Amino acid sequence: MTEMTYGQAIDAALGEAMARDERVLTWGEDVQLIHRDLVARFGPTRVRDTPISEAAFVYAGVGAAMGGLRPVVEVMLVDFLTVAWSALVNAAAKFRDFSGGRWPVPLVIRARCGGWYGDGGQHEQALWGSLASTPGVTVVCPSTPADAAGLMLAAIETDDVVVYLEHKLLSERFLDYLGGSSRPTIDFGDLVPSEGASGPVRQPLEPTPLGSSVLRRSGSDIGLVSVGVGVHRCLQAAEVLAEAGVSAAVLDLRSIHPLDVQAIRDLAAETGRIVAVDEDYIRGGLTGEIAATLLTAGVSSSYRRVAVESTIPFAPALEYQALPNPERIVAAARELL
Amino acid sequence: MVRIRLAEQVLSRAWAEGYVPGEYHSGIGEEAIYVGVLGQLDNDDAVAVDHRSTGPLVARGVDLTALMVEVMGRQTGLNSGWAGHMHLMDREARVVADGIVGSSAALAVGQAVAARQLRPGAVAVAFFGEGALNAGLVLEAMNLAAVWELPVVFVCKDNEWSITTHTSDVTAGDPRARVDALGMPVHTVHGERVDQVHHAAGRLVERARRGKGPGMLYATCHRPGGHFEGDPLLRILRHPRAEAGQLAPGLMEGVRSPTGGDRRDRAAGLATLAARLTTAARDWVVRPGRDPIRRGLRHVPKEVAEEIEEDERRRVVAAARRAVHALEWPDRGAGEGDA
């Protein structure tokens with residue numbers, strides 16, 4: 001076991017994959033500066049800066065993957081991936097099907113996502129619901145350094161298209177630009193879940209299976225289901241509920257697609273109450289998918305959801321209310337008890 | 001220009017002191033471009049800007065206190081706390097900011113279509129950086145403006161940096177040639193010289209008003225404040241010893257790793273990083289000769305310059321005081337926002 005930060009764990013896995021397989025390479029905006037340790041290890045050709053041309057360099061990732069490489073294309077923020085939406089939805093997701101299954105696209109799109117640190121509605125979205133809605137796209141968002149490494153290895157190893165979302169609240173580098181040693185006057189400490197930002201990572205690194213969830217806390221009265229930072233907000237809410245004598249389980253989905261349907265059904269069967277918690281939008285996304293899973297399975301369970309229902313406001317007080325904070329989760333849970 | 005510079009200084013300091021959530025991209029070094037261009041516009045003209053939006057909004061006369069309160073993340077701000085500095089907008093001033101690189105060019109195209117139908121004679125202006133000239137969106141927008149002969153003036157602010165990548169490393173040829181190929185006039189000016197900017201912008205605006213179609217003003221400038229406050233390269237330049245202590249272990253681990261590229265790859269990797277830092281060290285200092293404020297104030301007698309500076313300082317400080325007061329933070333009283 002080695003103690004690593006979330007960002008270190010991702011780059012450790014990427015470095016490991018690059019060392020094992022020369023076909024693995026990465027490009028994106030500013031990546032040479034952001035992943036300077038990889039530049040020092042592999043040189044500037046396998047870690048390559050791009051112009052601000054998302055549509056072109058994500059499409060180029062699709063072409064490179066079809067040409068035999070295993071690119072990890074980095075998009076600075078997932079909000080900017082919308083500029084290259086066609087590369088994902090119309091190309092990466094489609095081409096294996098169009099080839100009759102003969103021509104896979106082993107592409108990883110790595111993008112930073114998520115909020116809680118005050119960047120406004122155009123720079124801190126989650127968007128994983130939209131990303132996961134297209135057939136042929138796997139979407140993951142780790143909540144711990146161990147999974148950050150494991151999911152990156154799995155994302156590179158699979159022949160499927162994977163969108164790998166790196167949550168900015170857990171990834172120290174981005175927060176360090178906006179606080180930390182840039183300005184000691186800002187402390188994100190209260191908002192950053194410490195177990196998510198740094199923790200033990202097993203050596204040698206092992207892939208985390210795509211589509212498999214993990215139970216972060218067991219409980220018998222109610223099941224809280226989430227992904228990314230939402231998992232940590234659920235753990236906070238579970239503590240509050242425990243003080244009131246309520247035993248809450250917390251399920252970390254890790255993958256938005258494929259969804260671990262079996263684990264969700266089992267949790268609903270055990271507790272009879274599910275609260276789906278999502279940092280993404282409420283419409284057409286993960287929380288509705290979880291509800292559909294329960295209905296389809298015919299499991300008898302009451303259900304509430306806590307998700308983002310508006311543009312994410314910039315002002316911190318408004319932002320906190322718009323995101324799935326522990327108070328909102330506890331209130332939703334109480335409605336079911 | 002002086003007012004913009006002071007507002008930027010107040011907000012940069014407010015960021016450092018923890019008043020501004022998230023990021024802050026200052027437009028220090030670009031003041032003359034905003035003032036020179038916007039000085040040619042009327043109330044009916046529309047303006048689309050990028051993530052460095054403080055300057056153009058101040059130049060369009062938006063209330064300083066409301067702007068500052070918005071950037072500091074309060075519901076009483078210009079956009080009721082919903083926007084923050086990257087997404088500021090003001091309907092009366094017809095200014096919209098957007099943090100998606102290159103979108104301003106296309107938004108201005110649409111504003112120009114509306115202007116031609118609803119406000120004949122009005123124009124739309126887009127501000128963006130030279131890094132945006134590598135975004136397909138900008139090239140598509142310029143082509144559209146050209147074939148529709150729209151009243152748009154595209155203003156490219158060339159500060160030589162795309163985020164923290166030197167633009168020359170990721171750009172083929174002279175990007176102005178791409179604009180030229182669309183049959184659109186391109187006027188290149190020194191962006192720190194407000195007289196040059198104003199004159200060249202005037203020609204393009206006038207041309208657009210007369211229905212002669214779009215044009216580009218290509219203004220060179222420098223970006224002494226890095227990409228944003230907290231820019232990692234800027235931090236290394238300002239605190240080399242402390243930052244080296246942070247960076248060295250990871251770099252050494254990379255270089256010494258038993259697996260990875262061969263010796264040549266690793267040497268090239270280190271050389272790339274060193275070159276980046278050297279270029280930033282050269283570019284990211286306030287160079288008096290390229291400071292639009294210093295150059296601008298030289299146009300007036302010394303006493304007048306001093307009077308302008310004093311008046312603007314009083315105005316901006318008063319706005320900052322009101323803004324800090326409006327925050328109503330229990331541990332902060334009014335009057336701490338002096339520039």
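Here is a short chat about a predicted model with chains A and B, and about why some of its parts get the labels they do.

User: What makes H13(A) and H14(A) roughly perpendicular to each other?

Analyst: Their axes come within 10 Å and cross at roughly 70°. Angles of 65 to 115 degrees count as roughly perpendicular, so that label applies to H13(A) and H14(A).

User: Which residues make that contact?

Analyst: From H13(A) you get Val261(A), Ile264(A), Arg265(A) and Ala268(A), and from H14(A) you get Ile290(A), Thr293(A), Leu294(A) and Ala297(A). Sorted by class, that's six nonpolar, one polar and one charged.

User: Which residues of H13(A) are buried?

Analyst: Ile264(A), Leu267(A), Ala268(A) and Thr271(A) are buried. They span an arc of only 100° around the axis, so they sit on the same side of H13(A). In general, an α-helix has 3.6 residues a turn, so residues three or four places apart point the same way.

User: What covers the buried residues of H13(A)?

Analyst: The cover includes strands E10 (222-226), E11 (248-252) and E13 (273-281) of chain A, along with H14 of chain A. Just after H13(A) comes Gly272(A), with a positive phi of about 75°.

User: Why is Trp116(A) called buried?

Analyst: The cut-off for buried is 20 or more other C-beta atoms within 10 Å. Trp116(A) has 23, so it is buried. You'll find Trp116(A) in the loop between strand E5 (108-113) and helix H8 (128-132) of chain A. Its phi is near 90°, a positive value in a residue other than glycine.

User: And what makes Glu149(B) partly exposed?

Analyst: Buried starts at 20 neighbours and exposed means 12 or fewer, with partly exposed in between. Glu149(B) has 14 C-beta neighbours inside 10 Å, so it counts as partly exposed. Glu149(B) also has a positive phi, about 50°, although it isn't a glycine. Its place is the loop between helix H6 (136-147) and strand E5 (152-158) of chain B.

User: Which peptide bonds in chain A are cis?

Analyst: One is the bond from Gln203(A) to Pro204(A), with omega near -5°. Pro204(A) is in the loop between strand E8 (198-201) and strand E9 (214-217) of chain A. Another is the bond from His257(A) to Pro258(A), with omega near 0°. Pro258(A) lies in the loop between strand E12 (255-257) and H13 of chain A.

Notes
Residues numbered from 1 in each chain as written. Chains lettered and ligands numbered in written order. Predicted model: local features only at pLDDT ≥ 70, side-chain atom pairs only at ≥ 80, totals over all residues. Axes fitted to C-alpha atoms, helices over the stretch in contact; angles between N-to-C directions. Helix = DSSP H or I, 4+ residues; strand = E, 2+ residues; numbered from the N terminus. Parallel < 35°, antiparallel > 145°, perpendicular 65-115°, else oblique. Contact = placed C-beta atoms within 7 Å. Nonpolar A, V, L, I, M, F, W, Y, C, P; charged D, E, K, R; others polar. Arc of directions from axis to C-beta.
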